[in-house]
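Reader: I am new to this structure. Please take me through one part of it closely, then show me how the rest is put together.

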Amino acid sequence: MENTKTLRHDWTKEELLEIYNKPLMELVYEAATVHREWHKADEVQISTLLSVKTGGCPEDCSYCGQAARYHTDIKVQALLPTETVIAHAQKAKDNGSSRFCMAAAWREVRDNNDFDRIIDMVKGVNDLGLEVCCTLGMLTENQAQRLQEAGLYAYNHNLDTSEEYYDEIISTRQFDNRINTINNVRKAGITVCSGGIIGLGETNEDRISMLRTLANMEKHPESVPINALARVKGTPLENNPKVDIWDMVRMIATARIVMPASMVRLSAGRIEMSETEQAWCFMAGANSIFTGERQTLLVTPNPGVSEDMQMLKNLGLKPLVKEKESACKAN
């Protein structure tokens with residue numbers, strides 16, 4: 001659908017703020033119109049996210065319950081057996097998922113036996129005919145190449161927030177580290193999944209700055225997750241206020257307008273949203289969600305498969321079914 005349309009990569013902060021601050025009904029109408037020009041409005045991609053290695057991360061991301069330095073109720077779990085992961089992927093496929101994402105709480109990938117096991121997991125999930133996604137922390141160019149050769153379709157590496165606000169949230173790495181990993185993923189010919197989190201204490205200008213970084217990349221991320229902060233007890237941000245639904249709608253709508261070809265994913269925070277509130281997000285251009293049998297998104301609560309399928313039915317939506325491209329090994 002995108003061959004006849006033009007994508008912009010030169011957005012100014014002022015232009016994005018003007019879009020974000022439009023009267024809400026006008027903003028949603030514009031985003032819904034753009035959505036229908038680039039996508040089938042009744043289709044939502046169902047993705048499943050599995051934590052294959054949980055907790056014990058040396059980073060200090062203020063929002064994350066998996067950081068070893070915070071005292072949370074999250075239990076550390078070693079890397080899962082490959083056959084266990086493949087079984088979860090098969091069940092996800094049976095439940096309507098077209099993408100399966102594996103997450104490991106690592107600061108960065110190391111060239112060791114654990115990474116070899118991840119490679120085997122990627123091959124196994126790829127053989128099931130699913131889009132395979134991983135989020136493993138920072139990657140070198142060579143590591144990205146190995147994942148691509150194993151059949152990895154997408155790599156998730158969120159910016160989290162704006163470059164200007166980044167140091168307020170994380171001190172154990174820099175914003176440029178995120179950009180470098182995304183660049184390594186691109187060089188390997190893997191599609192990019194990158195978005196951010198709202199509710200960290202950032203300003204609207206920070207939110208716009210984050211979106212501008214994504215929208216002005218040479219190639220837009222194929223998937224843009226918009227997360228509402230999941231307030232985990234024991235983390236520095238546990239007492240932050242709940243994200244307002246209209247802030248989520250504005251973020252999703254703005255992302256849809258400036259990155260029209262991308263999948264915009266309504267991600268963390270859905271457990272605190274009513275069906276009506278989620279419907280507003282779909283109206284604003286969201287066309288992807290995470291669901292799962294465990295009713296968790298990594299380590300925080302998330303709606304389950306049956307609940308999500310009933311919601312889609314109520315809203316006249318259906319799971320996206322698409323042919324898995326073998327192009328992850330091309331370009």
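Author: Asp160 sits in the loop between β4 (154-156) and α6 (166-169). Helices here are DSSP runs of H or I with at least four residues, strands are runs of E with at least two, and both are numbered from the N terminus. The model is predicted: local features need pLDDT of at least 70, side-chain atom pairs count only at pLDDT 80 or more, and totals for chains, interfaces and linings use all residues. Residues are numbered from 1 along each chain as its sequence is written, and side-chain values use heavy atoms, with hydrogens and water left out.

Asp160 is not a glycine, yet its phi is positive, at about 75°. Most residues other than glycine have a negative phi. Asp160 is also buried, with a relative accessible area of 2%. Buried means under 20% relative accessible area, exposed means over 50%, and partly exposed lies in between (1.4 Å probe, protein chains only).

Another loop residue is Asn240. It lies between β7 (223-228) and α9 (245-258). Its relative accessibility is 17%, so Asn240 counts as buried. A polar atom of the Asn240 side chain lies 2.9 Å from the backbone oxygen of Gly199. Beyond its neighbours within four places in sequence, Asn240 is in contact (heavy atoms within 4.5 Å) with Gly199, Leu200, Gly201, Leu229 and Arg231.

Now the rings. Searching the whole structure gives two aromatic pairs. Rings of Phe, Tyr and Trp (its six-membered ring) pair if their centres lie within 6.5 Å; planes under 30 degrees apart count as stacked, over 60 as edge-to-face and the rest as tilted. Tyr166 and Phe175 form an edge-to-face pair, 5.6 Å centre to centre with 80° between the planes. Tyr166 and Phe175 are both buried. Trp246 and Trp280 have ring centres 5.0 Å apart and planes at 90°, so this pair is edge-to-face. Trp246 belongs to helix α9 and Trp280 to helix α10 (residues 275-283), so the pair ties together parts that are 34 residues apart in sequence. Trp246 counts as partly exposed at 34% relative accessibility. Trp280 counts as partly exposed at 25%.

Charges meet rings too. Arg8 lies over the face of Trp11, 4.0 Å from the ring centre. Arg265 lies over the face of Phe290, at 4.7 Å from the ring centre. A charge sits over a ring if NZ of Lys or CZ of Arg is within 6 Å of the ring centre and within 35 degrees of the ring normal.

Next, helix α11 (residues 305-314). Val305, Asp308, Met311 and Leu312 are buried there. These residues cover an arc of only 125° around the axis, which puts them on the same side of α11. The arc is that of the directions from the helix axis to the C-beta atoms. Ser306 and Lys313 are exposed on the other side of α11. The cover over the buried residues of α11 includes β1 (43-53), α10, β9 (288-291) and β12 (318-319). Just after α11, Gly316 takes a positive phi of about 75°.

Finally, the whole chain. It has eleven helices and twelve strands. Of its 331 residues, 57% count as buried. Among contacts between residues at least 6 apart in sequence, 76% join residues at least 24 apart.

How values were computed. Polar contact = N/O pair within 3.5 Å; in protein donor to acceptor, adjacent residues only side chain to side chain.
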